[in-house]
Amino acid sequence: MATDLQKLVVENEEEDEEDMDVKEEDGDDEDDVEKHISIPPMVDVDGIIGSTSNSNHFHNYSQMQGQLGSSGGAPRRSRPLEEKERTKLRERHRRAITARILAGLRRHGNYNLRVRADINDVIAALAREAGWVVLPDGTTYPSRSQGSRSVGAPSNLATSPSSQMVPQQTASLRGLSSGFHSTVEYNACRMKGLFVPSSPPQTQSMVGDGEPTGGQALNVDILEGKQIIDMPLKLPERDFVGTAYIPVFVMLPLGVINMKCEVVDPDGLLKQLRILKSINIDGVAVDCWWGIVEAHAPQEYNWSGYRRLFQMVHKLNLKLQIVMSFHECGGNVGDDVCIPLPHWVAEIGRSNPDIFFTDRDGRRNPECLSWGVDKERVLRSRTAAEVYFDYMRSFRAEFNEYFEAGIITMVEVGLGPRGELRYPSSPVKHGWRYPGIGAFQCYDQYMLKSLRKAAERRGQNCWARGPDNAGSYNSQPQETGFFCEGGDYDGYYGRFFLGWYSQMLVDHGDRVLSMAKLVFEGTCITAKLSGTHWWYRTATHAAELTAGYYNPSNRDGYTAIAAMLQKHGAAMNFPCLHSPSVDQQDEIQLPEPLEDPSGLTWQVMNAAWDVCLPVVSENSLPCFDHTSYNRILDRAKPLNDPDGRHFLAFTYLRLNPYLLERHNFIDFEHFVKRMHGEAVAGIQQ
């Protein structure tokens, strides 16, 4: 027995020596090659490095090593040099693969991984994206959207094909109100379009072999062979019964219409629409992409795919929200398809790149057209404003019967990147990462011409330039001479420049909405603003300034925008903002007081309501859990508001298979009912 123990110790020591040799030989390379994987070793009191894969094995090994330590142990056997070299090459190859994986996730997946990220960071990011909660110490558990599962009792109600959970015992269904006894049965009914979810009862405790369906962590004990599950008491929730009816729309996927202007998977989409109709949503929202409809030649419009889509929606008695999307899709967070601007516009851009927004370094952003060409005849003898007008007029003529019948209830007019009235100041494709302040986008020749005219009118020709001390995309305010405390932003030149920069934004919105009002007379039109909430609690609000919102701490930058929208009878679309995720906060180490999504939201909403402007909204981040829905409800229907103000409508972003999974869909159904002011069975109010 002692001989076997000695062999085990010797073998483990040889493996440890090999790893240590590789580390020593790679020491010089560590300064040049980035370490992307760091496996923390476990060290016992004797300093022996052991495997972290099995704590019991490590404990037994430590005991054996202690027993043999007094006898001297066996002599070490050195590894051949060739084998060490092979191990070293394998380690380098593994690191190279990891480096490419991390680079790809940062560049294409928009994961905010730190520079020296290891495999733990990657796994945590993927888990959080899948809806799990990962604490700093590595503790991982499902969020409310994943549903809680009792310890030691695997569920037999897997709700996703990717969740292959093999039941080890039969779970009782007495505490479940889904009406479906298995994933197969649920999926079969869903494919038939027959799924009508109902509310789960609220059970405080359960004794037996059943599994509760609550969304909170449970305490599970075993008593006489039975599980005793103590469910936390649910606090009463706010009562929305009898409150204002707020229509709920669901935004369709970005790629529901392909580049040939055809509906992608119409049968699958129809089944999903039937499921949504079963919970009485009011309608769907859809992007009408300029790059698809007018793709090949000026004023040659192809609406065929949208006509078929609208017919499908109409047959289900759903309403339509339309988005006039004059920007490209792709390259931003959440973009899963690529829809560029029309080909003929791209051709013009190759010969005249100044039709696109440009930063101080001369980098062009083809996401949308510069506002400097709104009145310049650079698009085949048309101005950009005329191009937008002709496109909207073509849409109205093509689908006039849907307007007359009241099926199209709202039209959102795209006014900038991602359809938002803002400058493209934070482009991911140019290296911007949260929470960078962004960069001014006013260096194309047409914007500079407007700036020169404004400086001449002011009598200060030397002001016909952009700031030269405003930092770069990922700078922080205090690192720049322009945005720092007491910086140039509040001097004479700074106030002049920021006033001109923000006025160009307001003028662009005013110009395009005036034409939209003519085209869509009798239909509600909306304009979307961006929720740039980082650095909100600084004096400068630098990220807002580069986006075009002149909103430092000593000035309200949203009243002018609200007044412009009120002039055209348009509603304001402002998203329900959330703070960055836990992993983002750990990554960027941004002090909490410096970003304030709630403060910005209430400032913008009050600016709108002060001029009696209707407000519509949408979720800014994926939302599947009860807590997030409650946050939206509180925002949509402010408690004890003396004027009874509330959202005009809400659009959920966006339709996807994950939303239609059983546990997520039940929460969504409850959310819709409460937005409609209806009672929800099983919720203590």
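## Basis of the description

A residue is called buried when its relative accessible area is under 20%, exposed when it is over 50%, and partly exposed in between (1.4 Å probe, protein chains only). The model is predicted, so local features need pLDDT of at least 70 and side-chain atom pairs count only at pLDDT 80 or more, while totals for chains, interfaces and linings use all residues. Residues are numbered from 1 along each chain as its sequence is written, and side-chain values use heavy atoms, with hydrogens and water left out.

## The protein as a whole

The protein contains 20 helices and 17 strands; these are DSSP runs numbered from the N terminus, helices being H or I of at least four residues and strands E of at least two. Of its 685 residues, 52% count as buried. Among contacts (heavy atoms within 4.5 Å) between residues at least 6 apart in sequence, 73% join residues at least 24 apart.

## Thr540

Thr540 lies in the loop that connects strand 14 (524-528) with helix 15 (542-547). With a relative accessible area of 2%, Thr540 is buried. Leaving aside residues up to four places away in sequence, Thr540 touches Pro477, Phe483, Cys484, Tyr489, Leu545 and Pro552. The side chain of Thr540 also reaches the backbone oxygen of Phe483 at 3.5 Å.

## Helix 13

Helix 13 covers residues 445-458. Its 14 residues, at 1.5 Å a residue, should span 20 Å, which agrees with the 20 Å between its end C-alpha atoms; the expected span is 1.5 Å times one less than the number of residues.

At the start of helix 13, a side-chain oxygen of Asp444 comes to within 3.1 Å of the backbone nitrogen of Tyr446. Tyr446 is itself buried, as are Met447, Ser450, Leu451, Ala454 and Ala455. The cover over the buried residues of this helix includes helix 14 (492-519). Just after helix 13, Gly459 adopts a positive phi of about 80 degrees.

Strand 16 runs parallel to strand 15 (residues 571-573), joined by two bridges; strands pair if DSSP finds at least two bridges between them. Val615 is the bridge partner of Met572. Three bridges pair strand 16 with strand 17 (residues 649-652), also in the parallel sense, and Ser617 has Phe650 as its bridge partner. Strand 16, helix 19 (residues 626-636) and strand 17 form a right-handed β-α-β unit: with the strands pointing away from the viewer, the path from the first strand over the helix to the second runs clockwise.

Note on methods: A polar contact is a pair of N or O atoms within 3.5 Å; within protein, one must be able to donate a hydrogen and the other to accept it, and residues adjacent in sequence count only if both atoms are side-chain atoms.
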